[in-house]
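Subject: Structure for your review

Dear colleague,

Please find below the structure that I am handing over to you. My notes on what was found in it follow directly after.

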Amino acid sequence: MQPDDAHGSFSNHPVSSQDLHALVTEETRSILQKTIDSIGADEGSLWWYDQSDESLVVCINTGPMADELELKLSQTLDSGIVSMVFHSGEGVVANDVSSHPDHSKQIDLELSQCTQAMMVVPIYLWGDLRGVVSAVILNETGRFGLGHLKEMHDLSAMLSRYLEEDWKKKP
C-alpha cells in the first residue's frame, strides 16, 4: 500500500493492526525492548488504532505473554489511559495508576495483574496520529519520572521513523 500523498497520509486507506504487525521487524522490537528496559518498565506495547473495530489493538508487546497479547488484546476508545492519550495526543505518566480517573481495570482483570505505574505517549506516522506506545510497571515500588517520559517520546519518534521506512520497502 502506498501513501495517498507525498507526505504518506493513509487517511483514505486505513492501515489495519494486522498490516502493521506484519511490518514489524526484529530491529523494531529490539528498539522497543531496549527503551522499556532502560526506563525500568516491566513491559511495553505499541497500540495501533484499528478503524475496523474502532479500538486500539496491541501490535507489539515486550512482555512474557506477547504471543497471547499481540493482535488479541484491545482497548475500546471510550475508556482507559491509552484511549485518553490517543484522543488527546498528549503523553501521560501515571504513578499509582489505580487512582487515576481515566484508568480502566479491564486489561488488568483480563491479564490477572495489577498495574502500578503506566506511561503512554502518542505515535504518529506521516504526521497522522495512529496509536500509542505504553510502558507499565507491575510491582508496587516502581515509579516513572519526567525523564522517562522524554525517553518514551524519543522512542515513539524512532519507532515512527523505522515503521515509515519499512512501509516504503513494502511491495
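**The largest cavity**

The largest cavity has 21 residues in its lining, and those nearest its centre are Trp47, Ile107, Thr115, Met118 and Val136. Please bear in mind that this is a predicted model. Two or more lining residues come from each of β1, α4, α5 (106–111) and β6. Strand β1 supplies the largest share of this lining, with 4 residues. Sorted by class, the lining of the largest cavity consists of 9 nonpolar, 10 polar and 2 charged residues. The space inside the largest cavity comes to about 260 Å³. Over the whole structure, the search finds 2 cavities of 30 Å³ or more.

**Helix α4 and its surroundings**

Helix α4, which gives two or more residues to the cavity lining, spans residues 81–88. Which of its residues are buried? They are Ile81, Val82, Ser83, Val85 and Phe86. The buried residues of α4 pack against β1 (43–50), β2 (55–61), β3, β4 (92–95), β5 (117–125) and β6 (128–137). Gly89 follows α4 and has a positive phi, near 75°.

**Asn95 in strand β4**

One of the strands against which α4 packs is β4, and Asn95 is found in this strand. Asn95 has a relative accessibility of 19%; because buried means under 20%, Asn95 counts as buried. The side chain of Asn95 reaches the backbone nitrogen of Phe144 at 2.8 Å. If neighbours within four places in sequence are left aside, the residues in contact with Asn95 are Gln116, Ala117, Arg143 and Phe144.

**Salt bridges**

How many salt bridges does the structure hold? There are 3 salt bridges.

In one of them, Arg29 is paired with Glu70, and the closest N and O atoms are 2.8 Å apart. Arg29 belongs to helix α2 (residues 26–38), whereas Glu70 sits in the loop between α3 (66–69) and β3 (74–76); the pair therefore ties together parts that are 41 residues apart in sequence. The two partners can also be described by their accessibility. Arg29 is partly exposed, at a relative accessible area of 22%, while Glu70, at 9% relative accessibility, is buried.

Another salt bridge joins the side chains of Asp154 and Lys150, with an N to O distance of 2.8 Å. Both residues lie in helix α6 (residues 146–169), 4 residues apart, or about one turn of the helix. Asp154 is partly exposed, with a relative accessible area of 39%, and Lys150 is exposed at 52%.

Helix α6 also contains Glu165 and Lys168, which are 3 residues apart and separated by about one helical turn. The side chains of Glu165 and Lys168 meet in a salt bridge at 3.4 Å, N to O. Glu165 is partly exposed, with a relative accessible area of 40%. Lys168, by contrast, is exposed, at a relative accessible area of 52%.

With kind regards

Technical notes:
Residues are numbered from 1 along each chain as its sequence is written. This is a predicted model: local features need pLDDT of at least 70, side-chain atom pairs count only at pLDDT 80 or more; totals for chains, interfaces and linings use all residues. Side-chain values use heavy atoms; hydrogens and water are left out. A salt bridge is a side-chain nitrogen of Lys or Arg within 4 Å of a carboxyl oxygen of Asp or Glu. Buried means under 20% relative accessible area, exposed over 50%, partly exposed in between (1.4 Å probe, protein chains only). Contact means heavy atoms within 4.5 Å. A polar contact is a pair of N or O atoms within 3.5 Å; within protein, one must be able to donate a hydrogen and the other to accept it, and residues adjacent in sequence count only if both atoms are side-chain atoms. On a 1 Å grid over the protein atoms alone, a cavity is a set of points where a 1.4 Å probe fits but cannot get out, and a pocket is an open set with protein on both sides within 12 Å along at least five of seven lines; lining residues have an atom within 4 Å of a point. Grid points are joined across faces, edges and corners, and a volume is the space filled by probe spheres set on the points. Ala, Val, Leu, Ile, Met, Phe, Trp, Tyr, Cys and Pro count as nonpolar, Asp, Glu, Lys and Arg as charged, and the others, Gly among them, as polar.
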